[in-house]
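Let's take a walk through this fold together, with the model open beside you. Keep the viewer handy as we go from element to element.

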Amino acid sequence: MGPIILVIFILCAVYVQNRGKRHHEKLSRKITDHSNLLAPVNCLFYAFSGVGNKPYIDTERFPQLKVFDDSWEEIRDEAINLNAQTHIKASDELDDLAFNSFFKTGWKRFYLKWYGASLPSANALCPRTVELIESVPEVKGAMFAMLPPGAKLVKHRDPYAGSLRYHMGLVTPNSDDCYINVDGEAYSWRDGEAVMFDETYLHYAANNTDDNRIILFLDVKRPVTFAPVDWFNRGFSRVVLAASATKNADGDKVGVLNRLFGSVQKVRLLGKKLKRFSRPLYYLVQYAMYLLLIYWIFF
């Protein structure tokens, strides 16, 4: 049974890595992409997606999100006040597993909701935005996200297809020089305009202007046509994704995965030192660990 499951994992990972028009160029990057771990589950989401499988999704297919269009100026004002108090920022500690790698290229955030986690700081500082978010059950994660002048996000795909990504422009350069590119198709943010995309396609972003870009960033549950896939999504979000919750300030709940992340990150930093010392040795150790993990899981 183990070898059969392994073959399914490999076939699904191959599909995920070659889905769409744009892919990672290096084979080593495809093999080590974290999205491979959830490839079989993601293939089920793609097979039973209720909104098709395209890089961008028409926001009109989600009429419940219109409350954000109607109230975008209220949301913007709370974001501006929050940023003026320097609350939109990178993590102060190694406690943001989901987005830690983004901080080094300038990205900043302030969590508003994260898969059921309690965020007293958001309730206190952004009450109207939190109220709007809580009025839409399909919104599972939310934050204000900033891309300062010169900041960028490198090419990546998110590992889990159970959600779709919604961006509402709040304070943007209103310029084509500040953009996101999803599977080769660019979109430039505009104040008061929303866009939705499938974050499991390869995408990247850049702000090549002199102005900040602040958006409302939402994870919206992907509609599916097969109930067991939706049940899995609910359970996985409640257990695993909620465990990746982190804090804006003291008093916010930090999930167990992020409590462990600091220790894991120390191991990663050792790996980076090994890579600088000897790239062949680094990859030898890395692939040996993958093979041991595969053997332990499937055999």
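How closely do the axes of helix 3 and helix 8 come, and at roughly what angle do they cross? The axes come within 10 Å and cross at roughly 130 degrees. That makes helix 3 oblique to helix 8, as angles under 35 degrees count as roughly parallel, over 145 as roughly antiparallel, 65 to 115 as roughly perpendicular and the rest as oblique. Val-41, Leu-44 and Phe-45 of helix 3 make the contact with Val-229, Phe-232 and Asn-233 of helix 8, where contact means heavy atoms within 4.5 Å. The crossing is left-handed, a term used if the near helix is turned anticlockwise from the far one by less than a right angle, with right-handed if clockwise.

Before going further, a word on the ground rules. Please bear in mind that this is a predicted model, in which local features need pLDDT of at least 70 and side-chain atom pairs count only at pLDDT 80 or more, while totals for chains, interfaces and linings use all residues. Residues are numbered from 1 along each chain as its sequence is written, and side-chain values use heavy atoms, with hydrogens and water left out. Helices (H or I, at least four residues) and strands (E, at least two) are DSSP runs, numbered from the N terminus. Axes are lines fitted to C-alpha atoms, for helices over the stretch in contact, and angles run from 0 to 180 degrees between N-to-C directions.

**The two helices of the opening question**

Helix 3 covers residues 39–47. Seven of its nine residues are buried, so helix 3 is largely enclosed by the rest of the structure; buried means under 20% relative accessible area, exposed over 50%, and partly exposed in between (1.4 Å probe, protein chains only). Among the buried residues of helix 3 are Val-41 and Phe-45.

Helix 8 has 15 residues, 227–241, and spans 20 Å from its first C-alpha to its last. That is close to the expected 21 Å at 1.5 Å a residue, the expectation being 1.5 Å times one less than the number of residues. The buried residues of helix 8 include Val-229, Asn-233 and Phe-236. Their cover includes helix 3, strand 2 and strand 10.

Another open sheet has four strands in the order 4-9-6-7, with antiparallel pairing. Its edge strands, strand 4 (152–156) and strand 7 (185–188), each pair on one side only. Neighbouring strands here are turned by 15 degrees against each other on average, direction ignored. Asn-181 stands opposite Ala-186 in strand 7.

| Strand pair | Direction | Bridges |
|---|---|---|
| Strand 5 (residues 163–171) and strand 10 (residues 213–221) | antiparallel | eight bridges |
| Strand 6 (residues 178–182) and strand 7 | antiparallel | four bridges |

**Another helix crossing**

Helix 5 also meets helix 7 (residues 127–134): their axes come within 8 Å and cross at roughly 135 degrees. Helix 5 is therefore oblique to helix 7. Glu-74, Ile-75 and Glu-78 of helix 5 make the contact with Pro-127, Arg-128, Thr-129 and Leu-132 of helix 7. This crossing is left-handed.

**Two loop residues with positive phi**

Thr-86 has a phi near 60 degrees, a positive value in a residue other than glycine. Thr-86 sits in the loop between helix 5 and strand 2 and is exposed, with a relative accessible area of 57%.

Asp-183 is not a glycine either, yet has a positive phi of about 50 degrees. Asp-183 belongs to the hairpin of strand 6 and strand 7, which has two residues between the strands. Is Asp-183 buried or exposed? At 2% relative accessibility, Asp-183 counts as buried.

Note on methods
Pairing = 2+ DSSP bridges.
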